[in-house]
Amino acid sequence: MTNLLPSHASVVVIGGGIMGCSTLYHLAEAGVSDAILVERNKLTSGTTWHSAAQVRALRSTRNLTDLIRYSVELYSRLEQETGQATGWINKGSLSIATTEDRLTHIRRQASLANLFGVRAESISADEAKARWPLMNADDVIGAVWSPDDGRVSPSDLCAALVKGAKNRGAQIFEDTDVTGIVTKNNKITGIETSRGYIRCDAIALCTGLWSREVATMADVELPVWPCEHFYLLTKPVEGITGNMPTLSDHDAHLYIRDDSGGLLVGCFEPQAKAIDPKSLGHDFAFQLLPEDWDHFEPMMINALHRLPVLETAEVKTLLNGPESFTPDGSFLLGETAETGGLFLGCGMNSVGVATGGGAGMALAHCIIHGHTPTDLHEADPKRFAACFNSVKALTQRAPEVLGKHYEISYPGRQWSSARGLRKLPLHRLLDRENPHWGQFYGYERPLYFNKTRQPQLSFSKPEWFEQVGKEVEQAHTKAAIFDQSSFGKIDVIGKDACSFLNYLCTNQMDRKPGSAIYTAMLNDKAGMESDLTAIRIRKDHYRLFVGTTAIKRDLAWLHRHLGNYQVNLIDVTDEIAVIGLMGPSSSQIATTIGAKILNNIGYFKSVQTDIAGVEARATRLSYVGEAGWEIQCDIQDAANLYQTLYDHGARPAGLFAQTSMRIEKGFLAYGHDLDTDITPLEAGLEFAVDYNKDFIGREALRQRKQQTSEQRIVSLLFDDIKAVPLGNEPVYYQNHIVGKTSSASFGYRINKPIALALLNCELINIEDKQQVQVDIAGELYNVAITIGPTFDPSGSRMR
């Protein structure tokens with residue numbers, strides 16, 4: 001390795017773990033031959049070197065799964081390319097269940113695997129025992145076998161990636177500490193190190209445990225925090241010959257595999273331990289944390305039950321190494337909102353080695369092309385509100401994230417730590433109705449009301465089923481209040497506001513003040529970056545209403561394209577409350593409280609008026625398919641307005657009721673039904689596209705329109721009233737997978753389970769509305785295809 005730092009590099013990768021090495025390799029492979037990597041100690045130091053290095057292909061989405069499939073393919077071919085072994089061992093994995101809910105969970109995973117093209121099959125307890133003879137299977141009731149999974153040697157893997165990168169001209173500098181990140185006009189211009197200054201155009205921050213600290217050098221919020229992570233190693237054990245599958249006993253919080261003739265027994269224990277990265281010391285590299293047998297003891301008891309051979313096995317060590325976690329358990333990959341040219345590849349939540357090959361490829365692609373190769377919104381760094389970046393919130397949440405790593409993914413599951421970070425204007429009043437709170441972008445939002453106890457989660461009809469039905473009935477037959485204050489609100493103000501938004505948005509934005517406009521923002525490939533509603537308040541003033549979790553992402557997209565437009569962008573989310581008044585009694589309530597003018601507002605029109613002494617802006621539109629208004633007012637006036645509506649018969653309804661009603665109406669939600677892989681054509685949103693003006697993605701959308709559409713979002717109506725679809729389930733037609741569900745719920749107004757689904761039109765003619773089937777945990781349910789809403793109350797309009 002050369003000792004001389006270059007004066008300039010197109011990209012500087014910071015961190016020599018799996019993410020840094022993979023990103024450098026893929027940058028070099030793509031032709032960025034002057035990319036360099038700087039590591040303050042030695043390659044693989046910190047976390048990578050002690051990783052258990054399991055590689056399990058299945059993840060929660062197809063695109064995340066594809067990253068690991070790419071990793072498997074890469075790890076398999078690197079040795080042939082570089083001559084450096086990676087230690088790739090493909091022996092599969094075995095997931096066992098000891099409870100009925102766990103069995104449902106792993107069978108849902110098997111169904112998901114089939115949807116994503118990953119091999120997985122449900123097997124009996126006896127078959128599982130045959131694949132893992134050392135296992136005590138007395139309490140096992142079923143299992144899922146995944147033959148394509150495996151493991152790798154993390155140090156050898158990094159050596160192979162580095163060799164491949166160097167062969168293409170990239171350079172690596174170990175023992176090189178980053179002391180500063182230099183920016184100009186919120187863009188990366190260079191990096192200061194212990195060995196000198198380097199001008200650069202972009203930085204890939206892959207610094208693992210120290211990512212939060214390094215990010216502050218660029219004034220970037222990066223919510224990651226380390227926890228202690230344990231696994232036990234034994235000396236050789238009789239009965240282990242060669243390599244075996246990884247055994248996943250998630251009911252006992254364990255993963256188990258062979259290691260050098262002995263056993264490796266790791267855990268994601270429910271009560272994990274956070275650790276302050278500052279306590280590790282600046283020179284922490286290949287050290288380990290102290291053994292903690294008292295902490296590990298409950299997991300050891302579980303392991304002794306599953307593997308009786310451990311009773312006589314000789315322990316080699318109890319390894320305790322730090323790993324970093326994010327507040328939601330998904331990693332960070334992409335460009336930051338605060339600083340252009342700063343890209344994150346960190347917070348890997350114990351899947352760094354498994355995901356590293358594909359994630360490094362995606363990060364390199366993002367740096368070069370400005371976007372990831374496929375939609376990865378689950379990993380977007382812009383998904384977190386600033387409130388999650390505090391030490392208090394992180395030290396509370398990170399241990400829970402580790403502890404839930406193997407928890408059953410029940411519908412309605414919520415985090416219990418780091419709660420109450422952000423409260424909406426109506427929080428105090430809504431709290432009187434005994435709500436069950438959920439957390440979204442840090443905000444507490446009511447999921448449903450009249451909670452009598454902490455709900456027991458399950459895959460069957462939920463405890464809140466009847467209560468949500470009552471809230472839907474309130475909105476359908478009387479009037480309901482929906483607190484929509486968490487929706488992002490972005491003011492676009494200036495003489496170029498209209499031309500700016502016309503360039504970014506698909507719909508015609510040049511409409512009279514008082515107009516409400518539903519529209520999309522597309523990327524160059526016509527993928528949907530956002531869907532939103534804009535209200536033109538004045539000629540030079542628009543207010544954009546975006547999704548709760550999209551605020552930072554959409555603001556960054558707007559800023560990215562601001563150019564020379566004379567426009568100011570202002571986030572007013574926490575200044576303006578939004579109260580949805582929906583239902584047939586809304587009109588009478590408006591008249592009674594002296595706001596009869598509301599009844600004269602046309603659909604997608606907005607007026608500023610006095611409502612019961614509160615200066616407010618009411619807009620006639622609905623996200624639940626019942627006639628009503630979304631009413632804006634200053635946050636200090638929200639309580640008075642709510643109380644007036646309440647006193648005249650309106651009652652609050654929660655997010656679960658809102659979700660059920662919007663699915664019945666066929667309304668789509670970003671992150672569930674929409675993302676950057678979907679265009680308005682597949683989504684049925686072409687009504688919100690004006691091809692007569694120029695906008696980002698117009699030509700790509702025109703080209704797509706000339707081709708036969710391969711996919712389309714439709715509604716599904718279940719025959720079996722007892723079916724409980726959750727979303728992300730395979731849809732079958734004539735024994736072939738033709739699509740997947742995206743959003744799902746029970747439709748209370750039609751008394752049947754419902755779902756939205758993305759179907760492949762090349763495999764099924766949706767116009768014929770054939771009968772299809774949905775796979776829920778291995779059981780097929782008959783459903784009918786509906787193009788459009790499954791329920792359409794009179795007077796509603798598409799939002």
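Colleague: Which residues does K235 touch, leaving out those up to four places away in sequence?
Modeller: K235 touches G262, E314 and K316, where contact means heavy atoms within 4.5 Å. Before going on, this is a predicted model, in which local features need pLDDT of at least 70 and side-chain atom pairs count only at pLDDT 80 or more, while totals for chains, interfaces and linings use all residues. Residues are numbered from 1 along each chain as its sequence is written, and side-chain values use heavy atoms, with hydrogens and water left out.

Colleague: Thanks. Where does K235 sit?
Modeller: K235 is in the loop between strand 12 (225-234) and strand 13 (246-249). Helices (H or I, at least four residues) and strands (E, at least two) are DSSP runs, numbered from the N terminus.

Colleague: And why does K235 count as partly exposed?
Modeller: Because its relative accessibility is 35%. Buried means under 20% relative accessible area, exposed over 50%, and partly exposed in between, with a 1.4 Å probe and protein chains only.

Colleague: How far is K235 from C366?
Modeller: Their C-alpha atoms are separated by 44 Å, and the two residues are 131 apart along the chain.

Colleague: How do strand 4 and strand 13 run?
Modeller: They run parallel, and three bridges join them; strand 4 covers residues 93-97. In this pair, L94 stands opposite L247 of strand 13.

Colleague: What about helix 1 and helix 9, at what angle do they pack?
Modeller: They pack at an angle of about 45°, with their axes 7 Å apart. That makes helix 1 oblique to helix 9; angles under 35 degrees count as roughly parallel, over 145 as roughly antiparallel, 65 to 115 as roughly perpendicular and the rest as oblique. Among the residues that meet are I18, S22 and L27 in helix 1, and G356, G360 and L363 in helix 9.

Colleague: How many residues are in the largest nonpolar core?
Modeller: That core has 61 residues, and those with the most contacts inside it are L24, L27, L157, L161, L333, L363 and I367. A nonpolar core is a set of buried Ala, Val, Leu, Ile, Met, Phe, Trp, Tyr and Cys residues joined through side-chain atoms within 4.5 Å. Elements giving two or more residues to this core include helix 1 (18-29), helix 5 (154-167) and helix 9 (352-369). A second, separate core has 56 residues, including I191, V224, I490 and L504.

Colleague: How many residues of helix 14 are buried?
Modeller: Eight of its 10 residues are buried, so to speak mostly covered; helix 14 spans residues 551-560. Among the buried ones are K552, R553, D554 and W557. Their cover includes helix 13 (497-504) and strand 24 (516-522).

Colleague: Last one: what does E444 in strand 21 stand opposite?
Modeller: K423 stands opposite E444, and Q439 also stands opposite E444. Strand 19 and strand 21 pair in the parallel sense over two bridges, whereas strand 20 (residues 436-440) and strand 21 run antiparallel, joined by five bridges. Six of the six residues in strand 21 (residues 443-448) are buried.

How values were computed
Two strands pair if DSSP finds at least two bridges between them. Axes are lines fitted to C-alpha atoms, for helices over the stretch in contact, and angles run from 0 to 180 degrees between N-to-C directions.
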